[in-house]
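The questions below take up a few of them.

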Amino acid sequence: MTHTPKPWYVTGPAEPEWGLDPTQPEERDFDFQEIHGSDGDLVALAAGTANARFIVQAVNAHEELLAALEELLEWESRMGGWDAPCWEKARAAIAKAKGI
């Protein structure tokens, strides 16, 4: 399965064509932001600028963070003798990132 190409970016407030009605109380309280991929396709709508930026930062850094954790675990397996909780946390984070 592939995803929309990176980098992703926040383009600003959602366009009215998405059916958001600012006259409705449950929609008026949110600043819906559009998130697009590098190909220009709409990826998501996020409630609030902070949430949109968080999603974009996580997606754009995903591969580098995953590679760094995998490299650390490879180093740990060669060095041996390290019984620290951080290694299990790293394994869990890798599994979560890969959907395992």
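A residue is called buried when its relative accessible area is under 20%, exposed when it is over 50%, and partly exposed in between. The model shown here is predicted.

Q: Why does His36 count as buried?
A: The relative accessibility of His36 is 11%, and because the label buried applies under 20%, His36 counts as buried. This residue lies in strand 2, which spans residues 32-36.

Q: What makes the pairing of the side chains of His36 and Glu34 a polar contact?
A: The two side chains come to 2.8 Å, and the cut-off for a pair of N or O atoms is within 3.5 Å, so the pair qualifies. A polar atom of the His36 side chain also lies 3.5 Å from the backbone oxygen of Asp41.

Q: Which residues is His36 in contact with, leaving aside its neighbours within four places in sequence?
A: With those neighbours set aside, His36 is in contact with Pro7, Trp8, Tyr9, Thr11, Asp41, Leu42 and Val43.

Q: What does Trp75 form with Met79 and Trp82 on the surface?
A: Together they form a nonpolar patch with about 330 Å² of accessible area.

Definitions and conventions. Residues numbered from 1 in each chain as written. Predicted model: local features only at pLDDT ≥ 70, side-chain atom pairs only at ≥ 80, totals over all residues. Heavy atoms only, no water. Patch = residues over 30% accessible without salt bridge, like charges linked within 9 Å, V, L, I, M, F, W, Y side chains within 5 Å. Areas by Shrake-Rupley, 256 points an atom, 1.4 Å probe, with all protein chains shown as cover. Salt bridge = Lys/Arg side-chain N within 4 Å of Asp/Glu carboxyl O. Helix = DSSP H or I, 4+ residues; strand = E, 2+ residues; numbered from the N terminus. Buried < 20%, exposed > 50% of the residue type's maximum accessible area, 1.4 Å probe, protein only. Polar contact = N/O pair within 3.5 Å; in protein donor to acceptor, adjacent residues only side chain to side chain. Contact = heavy atoms within 4.5 Å.
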